[in-house]
Amino acid sequence: MADLFSLGVIFEISIPTLIVIMLLSVVTSAIHGATGVAGGFLLAAALAPLIGVKPVVPVMSVALLISHSTRALLNLRDVNWKVFLIICLTGVPCLLAVAFVYGDLSSTFIAVFLGCVILASIPMRRWAKARSIRAKKRHLAGIGAVYGGFSGASIGPGMLLLPFMLGYGLTKEAFVATLAVIALVTNVIRVGVFGSTDLLGGGFLALGLLVGLMTIPGNWIGRTLLRRMTNERHADYLDVLTVLGAVNFFWLAWRS
């Protein structure tokens, strides 16, 4: 009991809330493992009512460092470094610009913005699946800037890169590997920017690390569930969870 109390002091939240956060980290990462996407913003939607809207992106940035580092290292041989450099060349400046003003944004604006980004993932994913885009370097540079801007204040904009990276000619393996390295750089920069402010104070840095560690068993559970799920049911579940995540942020914006 003393150990639990000590943890509560470190994270500056109550023990019941800490336990709920740990459980949610496992559950949402299991969903991520089963669907392949949506894990980041679903966990963000689940954490927001517990820790507040504004700390969500900084905490998730720390948590995602763990998962993206693992995926980047495991798939390093398949990274397309040319695509990585093109996207980061335009994406990083836009990311920095938005991340530096993130602390000045109101919680209501952040909640609405996150809800819109999450909700937009459904038509974007379906649109990308129905079309074959032929992308060139200038298209990658353009979408890189958009991705960077969205990444400075939200979780999960990697969906924007999917049709363009695949349309440039990347294999699925190269796409997964390259996106993992891009996402790793994205989160390293966000943690650096947020860490220079008070957005990662009050135990939020430690909380992000704990959340990241709790996603490891969740991903293993999700991989097991994926093998028992049909493609049609997979897509339906993903859309329902996405809508619920967006509605949660809109509700938080209205309540504030």
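Trainee: What does the accessible surface of the protein chain come to?
Mentor: About 12700 Å², of which 69% belongs to carbon and sulfur atoms. Accessible areas come from the Shrake-Rupley method with a 1.4 Å probe, and for residues only the protein chains shown count as cover. This is a predicted model, where local features need pLDDT of at least 70 and side-chain atom pairs count only at pLDDT 80 or more, while totals for chains, interfaces and linings use all residues. Residues are numbered from 1 along each chain as its sequence is written, and side-chain values use heavy atoms, with hydrogens and water left out.

Trainee: How many helices and strands?
Mentor: The protein chain has 11 helices and 0 strands. Helices (H or I, at least four residues) and strands (E, at least two) are DSSP runs, numbered from the N terminus.

Trainee: What percentage of the residues is buried?
Mentor: Buried residues make up 46% of the 256 in the protein chain. Buried means under 20% relative accessible area, exposed over 50%, and partly exposed in between (1.4 Å probe, protein chains only).

Trainee: Which residues touch the most other members of the largest nonpolar core?
Mentor: Ile51, Met60, Phe194, Leu207 and Phe249, out of 44 residues in that core. A nonpolar core is a set of buried Ala, Val, Leu, Ile, Met, Phe, Trp, Tyr and Cys residues joined through side-chain atoms within 4.5 Å. Helices that each supply at least two residues of this core include H2 (15-35), H3 (39-51) and H11 (231-255). The largest share, 8 residues, comes from H3.

Trainee: And what is Phe249 in contact with?
Mentor: Leaving aside neighbours within four places in sequence, Phe249 is in contact with Phe41, Ala44, Ala45, Ala48, Ala111, Leu114, Gly115 and Ile118. Contact means heavy atoms within 4.5 Å. There is also a second, separate core of 25 residues, which includes Val83, Phe84, Ile143 and Tyr147.

Trainee: Next, H4. Where does H4 bend?
Mentor: At Leu64, by about 30°. The bend at a residue is the angle between axes fitted to the seven residues ending there and the seven starting there. Leu64 is one of the buried residues of H4, as are Met60 and His68.

Trainee: What span should H4 have?
Mentor: At 1.5 Å a residue, the 19 residues of H4 should span 27 Å, and the end C-alpha atoms are 27 Å apart, which agrees. The expected span of a helix is 1.5 Å times one less than its number of residues.

Trainee: Which elements do the buried residues of H7 pack against?
Mentor: H5, helix H8 (162-167) and H9. The buried residues of H7 include Leu140, Ile143 and Tyr147.

Trainee: Is Tyr102 buried or exposed?
Mentor: Tyr102 counts as buried, because its relative accessibility is 0%. Tyr102 is found in helix H5. Not counting residues up to four places away in sequence, Tyr102 touches several residues, among them Val57, Pro58, Ala153 and Phe194. The C-alpha atoms of Tyr102 and Ala153 are separated by 6.1 Å, with the two residues 51 apart along the chain.

Trainee: Where does Ser154 lie?
Mentor: In the loop between H7 and H8. At 0% relative accessibility, Ser154 counts as buried. Leaving aside neighbours within four places in sequence, Ser154 is in contact with Val57, Phe113, Leu114, Val117 and Arg190.

Trainee: How many disulfides?
Mentor: The structure holds 0 disulfides, a disulfide being a pair of cysteine sulfur atoms within 2.5 Å. Cys94 is partly exposed at 28% relative accessible area, and Cys116 is partly exposed at 41% relative accessibility.
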